[in-house]
Amino acid sequence: MTTSSASGDRKGLLIDFTLCIGCEACMQGCREANDLEVPPPGAPPPEALNAENYTIVLPHEVNGETVYVRHLCMHCAEPACVSACPVAALTKRDDGAVVYDGDLCFGCRYCMIACPFHVPRYTWSKAVPVVRKCILCYHRLDEDREPACAAACPTGATRFGPRDLLLRIARERIRTQPERYTDHIYGEHEAGGTDVLMLAPAKFAALGHDAQVPHRALPELTWFVQKRIPWVIVTGSVLLGGIHWVVHRRMQLAKEGADDPATGGASGAHSGEGS
Ligand code: SF4
Ligand code: SF4
Ligand code: SF4
């Protein structure tokens, strides 16, 4: 894993809301590929990203039509979450995926504050809390397989490929069908450019996507802010956050061990979830 590479090496997703039928096959495919909890039958669909839903599809009414809108990690070219993490638990791979290592994370949650798209979630209730977000199915990329959401999509609304190619496709769709699309490829410039790109029939602000995300890479801004915070405060916050996390983790493990007769009082939990 490395920091960001030339755009030509990077892959991503093109999500075209005009093709989405709201079937949620992408959500289901994501759950299966990433061992996420399956909701019980009849459960209402999630209204926001959460630790068990790396992606969601939300309906919006626009001019009497329903537009289905996906949300997920945008896999920024220069991710603010990566630059904010003091222990490199988040990294940007050459293929574009921004991935997470739960063994390195100590729970400061700076990534959650830094993300301009408000994506990372935290498993507060778990014995070993971790950060959760879309990881571009990097385990599938390593096997030359496309992300599960792209593989599951029955309409081509979610498409996987090299970012440069996806960008050309998106521009061509807007050029040849201007009546179908708003003239904006979300992710082309937001946060300095992202490897997830989106097309829509209406302005993104009307569809629940933040239109105010700056067009410059956010790590610059993160560094700007951090530079102005005395390092002793940052270090103290990190240490306190780490101590709190370790104490919470030990208490949870002890409680689980006490509750579980099979362990005879010893903890049976394991670490490293979510890497
Ligand atoms: S969208 Fe947020 S979590 Fe995803 S790579 Fe960008 S900064 Fe990180
Ligand atoms: S790329 Fe993989 S992890 Fe991300 S939303 Fe799609 S299926 Fe889920
Ligand atoms: S699988 Fe495709 S068509 Fe179905 S909800 Fe997801 S993006 Fe839309």
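The shell around ligand 1 is made up of 11 nonpolar residues, one polar residue and one charged residue, where Ala, Val, Leu, Ile, Met, Phe, Trp, Tyr, Cys and Pro count as nonpolar, Asp, Glu, Lys and Arg as charged, and the others, Gly among them, as polar. The model described here is a predicted one, in which local features need pLDDT of at least 70 and side-chain atom pairs count only at pLDDT 80 or more, while totals for chains, interfaces and linings use all residues. Residues are numbered from 1 along each chain as its sequence is written, chains are lettered from A and ligands numbered from 1 in the order in which they are written, and side-chain values use heavy atoms, with hydrogens and water left out.

Ligand 1 has 13 residues around it, of which Cys73, Met74, Cys76, Cys81 and Cys115 come nearest; a residue is taken to be near a molecule if one of its heavy atoms lies within 4 Å of it. Around ligand 2 there are likewise 13 residues, and here Cys30, Asn34, Cys134, Cys137 and Cys149 come nearest. The shell of ligand 2 divides into 10 nonpolar residues, two polar residues and one charged residue. Ligand 3 is surrounded by 14 residues, the closest being Cys20, Cys23, Glu24, Cys26 and Cys153, and its shell comprises nine nonpolar, three polar and two charged residues. Ligand 3 also sits in the largest cavity. A cavity is a set of points, on a 1 Å grid over the protein atoms alone, where a 1.4 Å probe fits but cannot get out, and a molecule sits in it if more than half of its atoms lie within 2 Å of its grid points.

Charged side chains were examined next. Side chains of opposite charge can pair when their charged atoms come close. With a salt bridge defined as a side-chain nitrogen of Lys or Arg within 4 Å of a carboxyl oxygen of Asp or Glu, the count comes to 10 salt bridges. In one of them, the side chains of Asp195 and Arg10 meet at 2.8 Å, N to O. Asp195 lies in the loop between α6 (163-176) and β9 (196-199), whereas Arg10 belongs to the segment before β1 (11-16), so this pair ties together parts that are 185 residues apart in sequence; helices (H or I, at least four residues) and strands (E, at least two) are DSSP runs numbered from the N terminus. Both Asp195 and Arg10 are buried, a term that stands for under 20% relative accessible area, with exposed meaning over 50% and partly exposed in between (1.4 Å probe, protein chains only). Arg10 and Asp195 are also linked with Lys92 and Arg163 in a network of salt bridges.

A further salt bridge joins the side chains of Arg173 and Asp16 at 2.9 Å, N to O. This pair links distant parts of the chain, with Arg173 in helix α6 and Asp16 in strand β1, 157 residues apart, and both Arg173 and Asp16 are buried. The side chains of Arg171 and Glu188 meet in a salt bridge of 2.5 Å, N to O, which connects helix α6, where Arg171 is found, to the loop between α6 and β9, where Glu188 is found, 17 residues apart. Arg171 counts as partly exposed at 43% relative accessibility, while Glu188, at 18%, counts as buried.

A pair of aromatic rings is described by the distance of the centres and the angle of the planes. Rings of Phe, Tyr and Trp (its six-membered ring) pair if their centres lie within 6.5 Å, planes under 30 degrees apart counting as stacked, over 60 as edge-to-face and the rest as tilted. The whole structure contains four aromatic pairs by this search. The rings of Phe117 and Tyr186 have centres 6.2 Å apart and planes at 75°, so this pair is edge-to-face.

Asn63, in the loop between β2 (56-62) and β3 (65-71), has a positive phi near 50° and is exposed, with a relative accessible area of 79%. His75, in the loop between β3 and α2 (80-84), has a positive phi near 50°, but His75 counts as buried at 0% relative accessibility.

Technical notes. 1 Å grid on protein atoms, 1.4 Å probe; cavity = no way out; pocket = protein on both sides within 12 Å on 5 of 7 lines; lining within 4 Å.
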